[in-house]
Amino acid sequence: MSDDRVEVVKASGCVVWRSVGTADGSAENGIEVLVAHRPRYDDWSFPKGKLDPGETDLECAIREVAEETGLTGPTGPELEPARYTDHRGRDKIVRYWTMEVTNGSFVANDEVDEIRWVRPENATRLLSYDHDVALLDQLARALGDG
């Protein structure tokens with residue numbers, strides 16, 4: 001008898017953001033989001049990863065951001081989960097929260113070799129996947145800007 005269950009990969013991550021503005025006040029204040037480059041896939045995405053045994057989705061999201069970027073901060077509202085087919089053809093669901101960075105510094109590692117802080121409107125051109133771009137509108141609404 002065959003097993004007809006379909007494996008669903010569960011992961012969690014954060015859309016990491018920070019407040020920005022110019023020192024002289026000549027430019028509009030706003031936010032920047034962190035976009036991470038993963039050399040294994042040669043893509044630009046938000047920090048995320050699979051759950052460890054016994055870990056909650058939110059614990060996973062916080063851990064993955066810290067492991068991949070070295071950054072920490074308080075989490076905010078949960079965004080709509082991203083659902084897609086991964087590179088192995090499996091269904092994947094990724095739960096995301098907002099996170100305002102308050103501590104840490106980035107050091108390149110095996111999972112993420114580069115990060116960029118960009119305005120959300122510029123992130124749309126950098127992100128590799130439509131499901132990540134959709135998170136930017138959700139972030140704006142969560143922060144009260146949409």
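Which residue forms a salt bridge with E7? Keep that in mind as you go through these points, and remember that this is a predicted model.

1. The partner is R90, and the closest N and O atoms of the pair are 3.7 Å apart. This pair links distant parts of the chain: E7 sits in the segment before strand 1, R90 in the loop between strand 7 and strand 8, and 83 residues separate them. R90 has a relative accessibility of 16%, so with the cut-off for buried at under 20% it counts as buried.

2. Next, have a look at R18 and E32, another salt bridge, with 2.7 Å between the closest N and O atoms. Here R18 belongs to strand 1 and E32 to strand 2, 14 residues apart. R18 is partly exposed at 31% relative accessible area, while E32 is buried at 15%.

3. Then there's R95 with E78, whose side chains meet at 2.6 Å, N to O.

4. Now for helix 3, which covers residues 130–142 and spans 19 Å from first to last C-alpha, close to the expected 18 Å. Its buried residues include H131, L135 and L139. Among the elements covering the buried residues are strand 1, strand 8 and helix 2. Just after the helix, G144 has a positive phi of about 85°.

How values were computed. Residues are numbered from 1 along each chain as its sequence is written. This is a predicted model: local features need pLDDT of at least 70, side-chain atom pairs count only at pLDDT 80 or more; totals for chains, interfaces and linings use all residues. Side-chain values use heavy atoms; hydrogens and water are left out. Helices (H or I, at least four residues) and strands (E, at least two) are DSSP runs, numbered from the N terminus. The expected span of a helix is 1.5 Å times one less than its number of residues. Buried means under 20% relative accessible area, exposed over 50%, partly exposed in between (1.4 Å probe, protein chains only). Contact means heavy atoms within 4.5 Å. A salt bridge is a side-chain nitrogen of Lys or Arg within 4 Å of a carboxyl oxygen of Asp or Glu.
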